[in-house]
Amino acid sequence: MGVPRILIVGLATLVASLAWAEPLTLPLDKRPAWLSEQGIVMAGSWEPLIFRVKRDGGGYTPSAEQLAAYQKEHSPEMIAKLKSMGVNFVMMHAYKGAGLEAERQSMADAVQFAKLCREAGLRVGVYNFSGAFLWEPFFKENPQAKDWVVLRADGTPVTYGSAKYRYYWNRNHPDAQAFYKNLIRFAIEQIGTDLVHLDNYIVGPGYDAHSVARFREYLRSTFSPEQIQAMGIADLATVLPPQAGGPPLLQRAWQEFCSQSLAESYWDMSRYARSLRPDVLMECNPNGVGSAIRPPVDHGRLLQGGEAFWVESGRVGFKDGQLISRIANYKVGRAMDNITFDYTLTPLEMAESMAFNFDCLGCVCWFEYGKIVAMPGDSKSPSPLLQNYIRFFHQRRDLLRHARVIADVAVLRNFPSQVFGGPKYSQLTARAENLLIEHRVPFQIIYDHKLADLRRYRALVLAGCPALADEHVENIRRFVASGGRLCVVGPVATHDRWMMPRAKPAFADLPPERLIEAPQDGDWIGAIRRACGGEFTLSIEAKPGLCAELTEQQGRRLVHLVNYRADEPVRDVAVSLQLPKGARARAVTLASPDHEVDRAVSWVERNGKVHFTVPSVRIYEIAAVEYISSE
């Protein structure tokens with residue numbers, strides 16, 4: 001039997017799309033002005049009524065009580081309550097996945113509610129669609145959509161966890177894409193949304209016919225006949241996605257294919273949205289970055305398609321001597337000019353977001369059925385302790401907007417090493433990141449595509465990076481040739497992008513003063529410091545549990561200090577900060593939601609560095625170091 005026509009559509013350009021990453025993220029100066037001026041303080045309520053009824057154990061028809069509460073939720077009174085809390089952005093429902101007829105009324109409600117929000121001065125983002133549909137009502141409207149379902153190896157649908165009434169759809173199926181692009185058009189043209197939210201970006205291609213056909217074409221166009229033979233493939237027309245224990249190269253090809261396919265589907269939706277309105281903000285929910293890249297989710301590729309991503313992590317703090325934070329999520333987002341969305345339910349979580357995120361305080365509450373609670377499924381009201389932090393975010397935008405992160409060091413999350421090499425290598429990368437966070441070193445987390453521009457960093461940390469593509473080797477060598485240094489933990493560039501051994505390590509000829517090796521059981525921070533020329537731009541002496549970020553605006557550098565110890569302030573924090581070349585310090589002041597008036601701090605300047613002591617950090621302090629530049 002021949003391949004159905006619909007499976008052939010688009011395959012001719014598959015390889016080009018998989019190999020080419022077009023950065024769609026809007027440059028900061030091309031984004032709507034309100035974003036940097038006002039920032040985002042979010043309230044959420046994005047579940048349409050039909051879904052809530054099913055979610056809560058009913059059918060699809062709401063009761064009179066549910067309908068009345070739903071209408072109260074969409075009232076001007078609710079909007080007024082949210083505004084009084086300091087909310088300036090509402091993430092609301094548009095379409096969930098039950099079908100256009102099934103959700104016709106709630107989609108009309110969304111248009112009206114967005115209008116009320118705008119009239120009240122609130123910005124709007126919409127839950128445009130999920131990665132899964134409610135198949136019972138959806139198939140009644142769209143019988144052909146049965147072909148869109150992502151299948152497991154045994155031919156059964158991939159469901160949304162235990163919610164068997166929700167099936168994941170293939171984001172690369174052309175008919176599905178056409179259907180969901182119409183919903184993007186609805187959100188932009190009818191609702192007038194400022195941001196498009198695409199949920200559940202966590203499931204890639206499967207064993208359905210369309211995925212299999214695309215994978216076969218990918219293999220044919222990517223690998224030589226000798227490589228295909230080495231995969232144990234006699235006939236590409238019969239090959240299937242590999243099971244565990246299959247030929248390693250075939251498994252790696254599948255992981256690469258799935259990751260790139262998922263990213264390309266997001267980019268495609270972003271391109272379409274941009275064709276309708278160039279400055280609409282795009283956002284997806286792949287969850288947090290975790291400690292390693294886990295296909296099909298590769299944040300390094302996905303986030304090139306938009307301006308924000310959702311995380312939905314747990315609470316943060318310092319427990320049993322261990323730091324629990326969202327810093328890695330924020331650093332990945334910020335390095336890729338993406339805002340990170342998460343629930344911020346405590347002053348500490350808001351402080352963390354102000355320090356490490358940008359242009360967003362977080363989602364501070366959830367409203368449903370006329371009630372305002374902390375987050376979905378919660379019965380508690382938002383804490384009144386948040387008000388000082390929300391007020392500070394609004395009133396002191398001068399300390400946050402247009403601030404650029406200063407980083408001495410970049411830590412590479414390398415896809416083939418982490419994915420093909422596994423935990424043996426990804427754990428080294430994660431450990432390097434955690435050590436730099438704990439020691440308050442100015443650094444960023446980058447992915448492979450960022451190796452093309454390393455100019456802003458003094459050193460590149462390659463911890464657990466044995467498998468580097470030829471182009472990435474060349475990018476790194478250019479960085480070293482221009483004066484940069486490498487700090488290496490474990491084998492580096494001993495394998496190619498498919499984890500196949502090289503004849504010799506690609507950096508074997510680099511002099512030891514340019515490539516500094518840190519023994520796996522040695523002093524990593526000391527080695528990274530040597531790679532930075534013996535010192536970091538920012539040095540802080542304080543006990544564990546205090547974290548820092550360094551940013552810069554015109555004429556000043558800002559040291560953000562966040563205390564994760566809920567039980568006590570951190571006192572007498574000694575700070576040493578390198579000023580830009582030729583600059584002289586003018587003043588050091590402390591700003592915080594924990595005190596209403598900024599406080600001046602005494603300081604001394606020696607050899608281009610400013611030294612001062614922060615008397616106490618209860619939760620959050622920003623030390624603004626103003627300087628005069630002679631250059």
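The structure is a predicted model, in which local features need pLDDT of at least 70 and side-chain atom pairs count only at pLDDT 80 or more, while totals for chains, interfaces and linings use all residues. Residues are numbered from 1 along each chain as its sequence is written, and side-chain values use heavy atoms, with hydrogens and water left out. Helices (H or I, at least four residues) and strands (E, at least two) are DSSP runs, numbered from the N terminus.

- In α5 (residues 64-73), Ala 69, Tyr 70 and Glu 73 are buried, meaning under 20% relative accessible area, where exposed is over 50% and partly exposed lies in between (1.4 Å probe, protein chains only).
- These buried residues line one face of α5, because they fall within an arc of 105° seen down its axis; the arc is that of the directions from the helix axis to the C-beta atoms.
- On the face turned away from the buried side sit the exposed residues Ala 64, Gln 71 and Lys 72.
- The buried residues of α5 pack against several elements, including β1 (40-45), α7 (104-119) and β13 (360-368), with contact meaning heavy atoms within 4.5 Å.

**Helices α10 and α12**

- Helix α10 (residues 209-222) packs on helix α12 (residues 248-276) at an angle of about 115°, their axes being 11 Å apart. Axes are lines fitted to C-alpha atoms, for helices over the stretch in contact, and angles run from 0 to 180 degrees between N-to-C directions.
- The two helices are therefore roughly perpendicular (65 to 115 degrees; under 35 is roughly parallel, over 145 roughly antiparallel and the rest oblique).
- From α10, Ser 211, Arg 214, Phe 215, Tyr 218 and Leu 219 take part, and their partners in α12 include Trp 254, Glu 256 and Phe 257.
- The residues of this contact divide into 7 nonpolar, 2 polar and 2 charged; Ala, Val, Leu, Ile, Met, Phe, Trp, Tyr, Cys and Pro count as nonpolar, Asp, Glu, Lys and Arg as charged, and the others, Gly among them, as polar.

**Helices α15 and α16**

- Helix α15 (residues 347-356) and helix α16 (residues 387-395) pack at about 20°, with axes 9 Å apart, which means that they are roughly parallel.
- Pro 347, Met 350, Ala 351 and Met 354 in α15 meet Tyr 389, Ile 390, Phe 392 and Phe 393 in α16.
- By class, that contact has 8 nonpolar residues, no polar and no charged ones.

**Asp 398**

- Asp 398 lies in the loop between α16 and β15 (404-405) and is partly exposed, at 31% relative accessible area.
- Not counting residues up to four places away in sequence, Asp 398 touches Gln 553 and Arg 556.
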